[in-house]
Amino acid sequence: EMGAAEARAAGFDPHVVGEPAGDETTAADSKAAVREFVDRGVDLILFVGGDGTATDVVDALDAADADVPVLGVPAGVKVYSSVFAVRPDVAGRVAATFEETKPREVNDIDEDAYREGEVRTRLQGVAEVPVADDDVQSAKQVHSGSTGALAEAVAESVEPGVTYVLGPGSTIGGVADELGVDGTPLGVDVYRDGELVVKDGSEDEILDALGDENVILVSPIGGQGFVFGRGNQQISPAVVERSEVRVLASPRKLDETGVLRVDTGDEDVDESLRGWARVRTGRFEERMMKVV
């Protein structure tokens, strides 16, 4: 249940070091696995998940006073730490080829503060991570630059009869405020004709709420540049295929991001999004950004 079945299906003959304590795995199982790995002198701990799993891994390493390198395969809802590869396939390449490591931060977002409109990340620990150019993502950066004019302009451009999918984050949250609706900072909402049709929706709920014309409003994660695949997996490939995508960001965020990234889980959809995209940065301003 913690990887052995998948490893065998891929043609490997894994050495299984333990079993989950119950019918469902918990943080305790993750920490127990890490301790087993340390005891066996592994060269790298490759884990699948998000910031919560990364926190469990570094907690177990700290408790064992071990400095084994770690690398995350991004698969969680929150993936803000700088210990993750930019895509699952890249994680495999980095694991197979790395020659040196550097200390990187494991962060988790303060969900209570985020729901109140304040972006605050908490340092959970530091781990040695393989160095591989831009294949390992940066930590989420917090930006204090004003996006008030941007949010106001986007809200003014909303058209009747069009369904708007509002992604998570403070930038899109500002648009929701301008529209006069109580959005969900950590979730995905659907807005149409003056009201929230869906609040904090799942993929199925979002798909059910889509109309003939649909627009996704999304902002990249600061420092990482992810537009899709980090914190907004509810906006699935099926949702993207039925919608127009509009990216919003402050100039400062784009300056510190460099490029935009997508990781929807569907290679065809990712390929359709790659290239050059217009990003709205103000009331009238736009910037061309490369999506990789």
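## Salt bridges and a helix pair

Student: Before we start, what kind of model is this?
Tutor: A predicted one.

Student: OK, how many salt bridges does the structure hold?
Tutor: Eleven.

Student: Let's take arginine 283. What does it form a salt bridge with?
Tutor: Glutamate 152, and the closest N and O atoms of that pair are 3.2 Å apart.

Student: Where do arginine 283 and glutamate 152 sit in the chain?
Tutor: In distant parts of it: glutamate 152 belongs to helix α6 (residues 148-156), while arginine 283 lies in the loop between β12 (275-280) and β13 (286-291). The two are 131 residues apart.

Student: And how accessible is each one? Start with arginine 283.
Tutor: Arginine 283 has 26% relative accessibility, so it counts as partly exposed. Glutamate 152 is at 33% and also counts as partly exposed.

Student: What about arginine 274, which residue does its side chain meet in a salt bridge?
Tutor: Glutamate 271, at 3.0 Å from N to O. Arginine 274 has a relative accessibility of 22%, so it counts as partly exposed.

Student: Next one: which residue pairs up with glutamate 286 in a salt bridge?
Tutor: Arginine 278, with an N to O distance of 3.3 Å.

Student: Is arginine 278 buried or exposed?
Tutor: Exposed, because its relative accessible area is 58% and the cut-off for exposed is over 50%.

Student: Switching topic to helices. At what angle do α2 and α3 pack?
Tutor: About 45°, and their axes are 9 Å apart. Helix α2 covers residues 27-39 and helix α3 covers residues 51-63.

Student: Why give both an angle and a distance?
Tutor: Because two packed helices are described by the angle between their axes and the distance between the axes.

Student: Left-handed or right-handed crossing?
Tutor: Right-handed, as α2 passes α3.

Student: Which residues make the contact?
Tutor: From α2 it's Ala27, Ser30, Lys31, Val34 and Val38. On the α3 side you have Asp56, Val57, Asp59, Ala60 and Leu61.

Student: And by class, what does that contact of α2 with α3 have?
Tutor: Six nonpolar residues, three charged and one polar.

How values were computed:
Residues numbered from 1 in each chain as written. Predicted model: local features only at pLDDT ≥ 70, side-chain atom pairs only at ≥ 80, totals over all residues. Heavy atoms only, no water. Salt bridge = Lys/Arg side-chain N within 4 Å of Asp/Glu carboxyl O. Helix = DSSP H or I, 4+ residues; strand = E, 2+ residues; numbered from the N terminus. Buried < 20%, exposed > 50% of the residue type's maximum accessible area, 1.4 Å probe, protein only. Axes fitted to C-alpha atoms, helices over the stretch in contact; angles between N-to-C directions. Left-handed = near helix turned anticlockwise from the far one by under 90°. Contact = heavy atoms within 4.5 Å. Nonpolar A, V, L, I, M, F, W, Y, C, P; charged D, E, K, R; others polar.
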